[in-house]
Amino acid sequence: MGKIKLAIVGVGNCASSLVQGLQYYRKVDGNSPPTPGLMHNVVGGYRLADIEVVAAFDVDKRKVGKDVGKAIFADPNCTIKFSDVSELGVDVQKGPVLDGVGETMRDSFAVDTRQRICNVKEVLKKSGAEVVVSYLPVGSDQATRFYANEVLAAGCGFINAIPSFVASAEDGKWAKRFEAEKLPIIGDDVKSQVGATILHRILTRLFMDRGVKLERTYQLNVGGNTDFRNMLDRTRLKSKKISKTESVQSQMNKRLPDENIHIGPSDYVPWLHDKKLCFIRMEGRNFGDVPLLIDLKLDVEDSPNSAGIMVDAIRCVKLALDREVGGVLYSPSAYFMKHPAVQYPDSVARQMVEEFISGKREK
C-alpha cells in the first residue's frame with residue numbers, strides 16, 4: 001500500500017500523542033500479534049507506519065516555524081512522552097486565530113501577530129495532504145467552518161475531532177458538500193478508547209439491555225491540560241455538553257428528563273496536566289424496584305486515549321478516498337465519535353466498522 005499523507009490542525013496534546021504513536025508502533029504490521037494499544041494493527045492494508053505527516057497548523061509562536069517533531073513537545077503541551085520523535089522535515093504553519101483562542105486561554109497561547117498567516121488551501125495542496133485532522137480547541141466553531149472550507153477546496157478527506165457540528169449538522173449542509181466533492185468526512189467529537197463517554201454509554205446500554213430502570217446519572221470530568229482550561233469559559237461549552245449528553249441519551253430506551261442527567265467538564269486542576277479524572281454516578285432500580293447504584297472513578301491520560309481512536313479514523317478516511325466514496329462515513333463516525341450523524345449501540349457500530357473496512361459496507 002502507499003502512504004497516507006496527513007495534515008494536522010492544532011498541534012496540541014492530542015497531536016503530540018498521535019505523532020508519538022506513529023513512531024512507537026512503526027514496526028507493527030499484518031504479521032504482528034494483536035498489539036496492546038491498537039484496535040487494528042492494519043486497516044485495509046494500511047499500517048501506522050504508512051501515515052506520514054505532511055502539514056500542520058497552529059497559532060502559538062512556540063510551535064509555528066518549528067518542525068512538527070519538536071513542536072509536539074513545546075509548551076503548553078503537557079501530555080506524557082512515551083516515544084522519542086525525530087524531526088519530520090515538516091514545519092508548523094500559522095493558521096488564522098479566528099475564535100480558536102478563548103478568554104481563559106489568552107495567557108496560555110502565545111500568539112505573535114507579526115507572524116504571517118499561511119494560505120491553508122495552498123499548503124494542503126502543495127503538501128499533497130489527503131486526510132486532515134482537526135484538533136482545534138472546544139468552542140472554535142468559526143475556525144472549524146474555515147478549515148472545513150479549506151479542506152473541501154484542497155480536495156482532502158476530513159476528520160473533525162471536536163464538538164463543532166459539521167458531519168452531524170442538522171441541516172446536512174456540510175454532509176452534502178463533502179458528498180458532492182466525493183470527499184469523505186468523519187465526525188464529530190472523538191471518543192476515547194476507554195474514556196468517560198464510551199464507559200458511560202456502555203453502562204447505560206447495560207442498564208437498558210438488562211431491564212434496569214436508570215433514574216438519574218451524572219458524569220463529572222476534571223483535568224489539567226489546555227482543553228480543560230479552555231472549557232473554563234462556559235460560553236464555549238454549549239456544543240460539548242450537547243455532544244456528551246446526547247451520546248449517553250442515545251443509548252436509553254426513553255430519554256431521561258434534563259434535570260436527571262448532567263454530563264460535562266467540571267473543572268481545571270493545573271497539576272493534573274494531561275491526566276483526566278472522571279466521576280460517574282448512576283442511580284436506578286432493578287427487579288422489584290429495588291435500588292441499584294454505580295459510583296465509579298476513571299483515571300486516564302487524556303490524549304493517548306484519543307490517539308488510539310484517531311489512527312483508525314485516519315485509515316478509514318484513506319480507504320474511502322481509495323474507493324472514491326464521499327460524504328459522511330456513518331459507520332466509522334458512529335464508532336469513533338461522540339456526536340455522529342446517526343447513533344448506534346457501540347457493539348453494532350463496531351460491527352459496522354469491520355464491514356466498512358472489509359468493503360462489505362460502503363459507508
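Modeller: Searching the whole structure gives 24 salt bridges. The model is predicted: local features need pLDDT of at least 70, side-chain atom pairs count only at pLDDT 80 or more, and totals for chains, interfaces and linings use all residues. Residues are numbered from 1 along each chain as its sequence is written, and side-chain values use heavy atoms, leaving out hydrogens and water.

Biologist: What makes K240 and D189 a salt bridge?

Modeller: A salt bridge needs a side-chain nitrogen of Lys or Arg within 4 Å of a carboxyl oxygen of Asp or Glu. For K240 and D189 the N to O value is 3.3 Å, so the pair meets the definition.

Biologist: Which parts of the chain does this pair tie together?

Modeller: K240 lies in helix α8 (residues 238-249) and D189 in the loop between β6 (184-187) and α6 (196-209), 51 residues apart in sequence. Helices (H or I, at least four residues) and strands (E, at least two) are DSSP runs, numbered from the N terminus.

Biologist: Is D189 buried or exposed?

Modeller: Buried means under 20% relative accessible area, exposed over 50%, partly exposed in between (1.4 Å probe, protein chains only). D189 has 1%, so it is buried. D189 also meets K338 in a salt bridge, at 3.5 Å, N to O, and K338, with 7%, is buried.

Biologist: Why is D84 called exposed?

Modeller: Its relative accessible area is 57%, so it passes the cut-off for exposed. D84 forms a salt bridge with K81, the closest N and O atoms being 3.1 Å apart.
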